Amino acid sequence: MSNAKVLPLLEPDVVVCCPPLTERPMSADEAETAAKMFKALGDPVRLRLFSAVASHEGGEACVCDISDVGVSQPTVSHHLKKLKEAGLLSSERRGTWVYYRVEPSVLAAMGALLSGAAKAA
């Protein structure tokens, strides 16, 4: 007999950095936070890496699976670091490999920021 216990999955808290763009003007702090996210995604290589992680099966990707973006491995590591610093990716080392994931709350926060603008259009 096993003592294994199935634990319920908890939905991550959605941490919205900023109100939808059409709700009200952003404060200086909110604009700073949003700008960091958009600046990190403003580079084509970073956007490709972010997309590769977000769309990877299982919601996470080993750096070994997403490094083929046309730049050297040290450059890939630099771009992944910038995405982590902007709060867009989290990572976990497993042996010699690092696995990256986009937290659902990050996608929800980015969607909430832009959704008001899409509804107004």
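These questions and answers concern a predicted model.

Student: How many helices and strands are there in the protein?
Tutor: From the N terminus on, the elements run α-α-β-α-α-β-β-α. The count is five helices and three strands.

Student: What share of the 121 residues in the protein is buried?
Tutor: Buried means under 20% relative accessible area. Of the 121 residues, the buried ones make up 29%.

Student: What share of the contacts with a separation of 6 or more comes from residues 24 or more positions apart?
Tutor: Take the contacts in the protein with a separation of 6 or more. Residues 24 or more positions apart account for 59%.

Student: Are helix H2 and helix H4 roughly parallel or roughly perpendicular?
Tutor: Helix H2 spans residues 44-55 and helix H4 spans residues 73-85. Their axes come within 10 Å and cross at roughly 75°. Angles of 65 to 115 degrees count as roughly perpendicular. So H2 lies, relative to H4, roughly perpendicular.

Student: Which residues of H2 make the contact with H4?
Tutor: On the H4 side, the contact is made by Val76, His78, His79, Leu80, Lys82 and Leu83. On the H2 side, the residues are Val45, Arg46, Leu49 and Phe50.

Student: How do the residues of the contact of H2 with H4 divide into nonpolar, polar and charged?
Tutor: Both helices contribute to this set, with Val45 of H2 and Val76 of H4 among them. The division is six nonpolar, two polar and two charged.

Student: Is Ala54 buried or partly exposed?
Tutor: Ala54 has its place in helix H2. Its relative accessibility is 36%. Buried needs under 20% and exposed over 50%. Ala54 therefore counts as partly exposed.

Student: What distance separates the C-alpha atoms of Ala54 and Tyr100?
Tutor: Ala54 and Tyr100 are 46 residues apart along the chain. Their C-alpha atoms are separated by 9.1 Å.

Student: Is Glu30 buried or exposed?
Tutor: Glu30 lies in helix H1, residues 28-41. Its relative accessible area is 15%. The cut-off for buried is under 20%. Glu30 is therefore buried.

Student: Which side chain does the side chain of Glu30 join in a polar contact of 2.7 Å?
Tutor: Glu30 sits in helix H1. At 2.7 Å, the partner of its side chain is that of Arg24.

Student: How many disulfides does the structure hold?
Tutor: A disulfide needs a pair of cysteine sulfur atoms within 2.5 Å. The number held by the structure is zero.

Notes:
Residues are numbered from 1 along each chain as its sequence is written. This is a predicted model: local features need pLDDT of at least 70, side-chain atom pairs count only at pLDDT 80 or more; totals for chains, interfaces and linings use all residues. Side-chain values use heavy atoms; hydrogens and water are left out. Helices (H or I, at least four residues) and strands (E, at least two) are DSSP runs, numbered from the N terminus. Buried means under 20% relative accessible area, exposed over 50%, partly exposed in between (1.4 Å probe, protein chains only). A polar contact is a pair of N or O atoms within 3.5 Å; within protein, one must be able to donate a hydrogen and the other to accept it, and residues adjacent in sequence count only if both atoms are side-chain atoms. Axes are lines fitted to C-alpha atoms, for helices over the stretch in contact, and angles run from 0 to 180 degrees between N-to-C directions. Angles under 35 degrees count as roughly parallel, over 145 as roughly antiparallel, 65 to 115 as roughly perpendicular and the rest as oblique. Contact means heavy atoms within 4.5 Å. Ala, Val, Leu, Ile, Met, Phe, Trp, Tyr, Cys and Pro count as nonpolar, Asp, Glu, Lys and Arg as charged, and the others, Gly among them, as polar.
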